[in-house]
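Biologist: I would like to learn how to read a model like this one. Can we go through it step by step?

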Amino acid sequence: MLEGAQSFAQDLLSGLPVLSIMIFLPLIGAILVFLAGRSMSIIRVISLIFSGIPLIFAVLLIFAFSWGAIPDGEAFADPQFYEEYEWIPSLGVSFAVGIDGISLPLLFITPLLTFVSILFSWDVDRRPREYFGLILLMQVGVTGVFVLLDYLVFYIFWEIVLIPMYFLIGIWGGPNKDYASIKFFIYTHVASLVMLLAIMAIYFNAGATTFNMMELGDAASGFTRGFQIIAFGALLFGFGVKMPMVPFHTWLPDAHVEAPTAGSVLLAGLLLKMGGYGLIRVAIPTLPEGASYLAPLMAVIGIVSILYAAVVCLAQKDLKKMVAYSSVSHMGFVMVGFATLSYVGIVAGVFVMFAHGLVTAVLFMTCGVVQHHCGTRMIPKLGGISEKMPKLATYMTAGFLASLGLPGLVMFAAEFMTFWAIFNNWGLWLLVPILSVAITAGYYLWALQRSMFGPLTDKIETENIHDANWYESAPMAILIALIALFGILPAIMIDRIGDAVTIILRAIGGG
Amino acid sequence: MIPMIDWLIFSSLLMAVGAYGVLTARNGILVLMSIEVMLNAANVSLVTFSAYSTELHGYPDAMGQIFALASMTVAAAEVAIGLAIFLVLYKRHDSIDVTKINILRW
Amino acid sequence: MMIDYAWLIPVFPIIGFLIISLVPKKWLIWEGGAPYIIGMSTASFVLSILVIIDVLNGHTLTGPDSPRMTWLSAGSFELTFGIWIDQLTAVMLLVVSLVGTLVVIYSVGYMHGEGETKRRYYAEIALFIGVMFGLVLADNFVEMFIFWELVGLCSYLLIGFWKHKPSAASAAKRAFIVTRVGDIMLLSGLIILLRYVGTLDFSELFAEGSLEGSGMSSGMATLSMILLFGGAIGKSAQFPLHEWLPDAMEGPTTVSALIHAATMVKAGVYLVARSYPMLVQTPDALAFIAIIGGITALIAATNALVAVDIKRVLAYSTISQLGYMMLALGAGGLIITGLMHDGGHDGLGAGYSSGIFHMMNHAFFKALLFLAAGSVIHAVGTNDMLKMGGLGKTMKITSITMLIGSLSIAGIPPFSGFWSKDEVLASTFHAFEDAGSYSTVFLILWIMGVATAFMTAFYMFRMWFMTFTGKQRSDAHAHESPVSMTVPLMILASLAAVSGFAFFIGRGFFSFMSDSISSTIGSSVAVEAIHPLESLGEIFTSPLTYASLIVSAVGLFTAYSIYYKGAFSVSRLASGVTGKLQKLLAERYYISWFYDAFAYNIIYGISLVADIFDRYVIDGAINGMAWLSSKSGAFIRRSQTGQVQNYVAAIVIGGCLLLLFLIVFEWGEW
């Protein structure tokens, strides 16, 4: 039956430049939204359609993606649905797109999260054309980052992502939005420039003939060890800020606290993944010796991020800030997983990114609903809200439980594999990061107890609080269903991730 | 024939006069006129090199004269804009004393 | 063969859970959908009985041939789902399905007044029972761990069922976090095993010498087993992580009954019993288990002496009895290890079997006691024993069934508790005789066990006399509970009375249980069948039996004379040394206080410091850099005067300098 579905999906997609469509369809949508009149309903419907069609494509891609047979001799991931168009031949720049197992899960959550964010933002009436247009523009950038196989175009799309997010925070943000948006922009932009420097160094060192990732990956064996270490360090900084890793994480809580809910969902769900994706797509396969030299540093950074951010979460009074710090903690798992440079670790890292994308979206949405309906997110002012908002309490409990790694939900498999990989590589050092399991449960359940349970608070006006609206419930329900689906059947994704990782490990020469 | 170095010395002197004017004049119109002098100094050396090109590298080359013509055109346009700016400035500030105009400061 | 359909046992209640949570409200015909859950759990019960009959006929589903499916695989890393049924599973299935079904039926009466939230209650109860079935049927540790965590989730949800009560929300959180500390240890232990042995399937882990054969050092093997037991410490509320269980009384009494008798805390005992084939390879870990068990039994019993909340007395008694089970399992394992080197011995599986036997009996009498206590609370509307009294007249069924439960837990023959408790103490004593280097430890543990038996009898009858005899101390109109509550009580009471007879019916419980380890422990240790009548004779001729019987009787009589006859007033103990002791016990040895202080002052303190560090040091450095660049910009921008002539002068000077540079350095080439 599965093979039938696969060949059906492949037939459906054959001959279509499916990845280019996925990148540029939202762009057309964004332009149409900008041109649309004042009618709110037209704006919403256009945005839903133009983020929804790529979502359908993404689902088809999951089915059509073929896996299980690894081609021999390739030093770099063998991309599927490959398209290439020349762009600047004199510099060796071309518009090349293709996906492998590492792109696939992230490519799936990109249109998904955009779609649910647009749905969630149903009641945004402040400059709606710009708002929905920018969200669609961000989808363009993020989709591009996850499928492009040419460094220069990759960098362009990488930077495209920053602009809509800057405006989303800066225009629709909270009281301190100017500070947060500028901090976000400058911080991540500095990191991007360091990344660009490293990419340029790789380009020139390999003979300045091509920006194609696969060809540069093949050229990697010619790099000297010293160059690899320096270039890898630069990339690690560039991607580490984006992920973000302690101590370069402080832009994240500020940005999240001020960002509108949809902005937070996309920021945590997609933008952070760009950092992890860059590490495993660009840095590790192209600079394997640098990676193995700096792996201990990556591990330390990752483990510190996991524990430190979890501890800081415990002290947060703002629900959304707590969730923001928990993102830092979870992205630490990605870093540690990659640092093992082992099959299970890298698969786990990619899967953590996927899982975190789904889970954190729910968490930020619940925070957004609390903010909209109660007027505050501060935990000490809340209390007993579940009495007024039983649906929201259910979603929040489900989201928190998913995030703390409850089996049957998606994060469990990811964390379990990471722990296994850590023990496999570093033995009893496992006992350090595994402590976070208890701390994570601690801060989530404590927050739940103080904000949702107990007697109804008298610190805020609770008379008119009503439960989540349909457009707020539906996105969370969709995401929780997916969290449960991939929690019960994680193999759907994990099987597909594997091949790409095998090929990367072949480049590293380890296993 | 006048040796080429004489023309070049003449051009340098013109340039120095113009630069002195730009640096010391307080009247905006004078500054503009001094800039014109400097431009013409450059034109003189362009034409000089063009005229002596056969002696310098063995074949005639009109490129310098073409550039001189082009720069004169540009200078005309520039003066028009410059005068227009000063006209506006005069209207707003009743003065075209360049030392008093620092509205473009940081 | 019904055993092939055993996978349906957990599926039924989970379907019930899905039905109740997903269908529209009007389809929940009666009492918030209770009929669905009663039906589903009864179906599981019937199927369980059929499977148990198969097991009694000698059919088991163990080893690599049992049906399984791959859940997740990544390279060398593979997780599967499968079914494992042996004698131990059969006992667990009986306990969970029977107690679960009875609790659900009882809930119809008990939760009648709850209104809308009943739906959530039944959904969570169904999930609870379902995942517990999943746990006992798992054929590898990952599957077991998954259900293990889900059991923790359900207990979290159910303890916090009355979520508007701050104490309930707090207790639920505490239960989850404390057990999660145990889960971390379990997870670490599992990962160590997975790393070395390469699999977490029972069939390979339970092979003889599986730990040594995997290249593990003996220290690592012991560590992994102790970590594994760490999971049981959390889940089964063993010292020092036992304090969550008394707090967990904040949930509905039915939930307490389920947690204490069938689901949550039994999972830890089951884990230890299940890991036996591995544990016998690490004697030090077994000794650790026995010591923790003994300490827990004693400490919890002392706490129960002074508790005035009826559910709290029962909670401490559960902890104490769980300690007994661990003690028996540890002691029995050590006997086996000791004898693995010295050759065969009669009754080798006695410690193991007595632990399981006690767990089964405890399930019945503790479910009975909790449900009876629930009936009392339902009637008087308080948990406080000081406000009860004289209820025996109005609540005949409740008082008699609770008396049976109390006699059973106190170890008075012929009630079930007597048989298993006696065997627990006997195995401990045998360990003292056989366990080599640990023998002194086991003598102390045996004395602690006997002391616990005395206290158990005392506090149980203290509770019974305070509740049902004497004068009524509250003005509540107590009345007997509805039929749906009394019928489960009567069923459980009859089981509590007779389940001990399993000891000598047929082949006898012990030889039945011994099959489960003799098939997995391996050929070098022949766990010989124990003839039931022979051991019956042994029980009644052994001085050990009379020792434990006498202390129990003394405990019972003391309670009788103090709380019924009033021969001695307890208030006289409220001062001096005894007063201090009483306070120490009432404050639960300050363990709970210590955890609160640790969590709030140390962990939360660290987090506050980290937060400040994050805000002012890390972020401060970033903002400092921003400040520095903007300040230096403000300084440098003063060179922009806006005076055109200044700029021109700069250009001219720059041009002259360039010229000079050219002249000085490049002159020669002109």
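Biologist: What percentage of the 106 residues of chain B count as buried?

Modeller: First, the ground rules. This is a predicted model: local features need pLDDT of at least 70, side-chain atom pairs count only at pLDDT 80 or more, and totals for chains, interfaces and linings use all residues. Residues are numbered from 1 along each chain as its sequence is written, while chains are lettered from A and ligands numbered from 1 in the order in which they are written.

Modeller: Now burial. A residue is buried if 20 or more other C-beta atoms lie within 10 Å of its own, exposed if 12 or fewer, and partly exposed in between; C-beta atoms are placed from the backbone. In chain B, 12% of the 106 residues count as buried.

Biologist: Which pattern does chain B follow along the sequence?

Modeller: Helices (H or I, at least four residues) and strands (E, at least two) are DSSP runs, numbered from the N terminus. Chain B reads α-α-α-α. That is 4 helices and 0 strands.

Biologist: What is the radius of gyration of chain B?

Modeller: This radius is taken over C-alpha atoms; the globule rule is 2.2 Å times the number of residues to the power 0.38. A compact globule of 106 residues would have a value near 13 Å, but chain B has 17 Å. Its C-alpha trace spans about 55 × 25 × 25 Å along the principal axes.

Biologist: How many residues of helix 4 of chain A are buried?

Modeller: 18 of its 18 residues are buried, so helix 4 of chain A is mostly covered.

Biologist: And helix 3 of chain C: how many residues does this helix have?

Modeller: Helix 3 (residues 87–110) of chain C has 24 residues. The expected span of a helix is 1.5 Å times one less than its number of residues. Helix 3 of chain C reaches 34 Å from its first C-alpha to its last, close to the 34 Å expected. Because 24 of its 24 residues are buried, this helix is largely enclosed by the rest of the structure.

Biologist: How many residues of chain C are in contact with chain A?

Modeller: Two residues are in contact if their C-beta atoms, placed from the backbone, lie within 7 Å. Here 39 residues of chain C contact 41 residues of chain A. Helix 6 of chain C gives the largest share of the chain C side, 15 residues.
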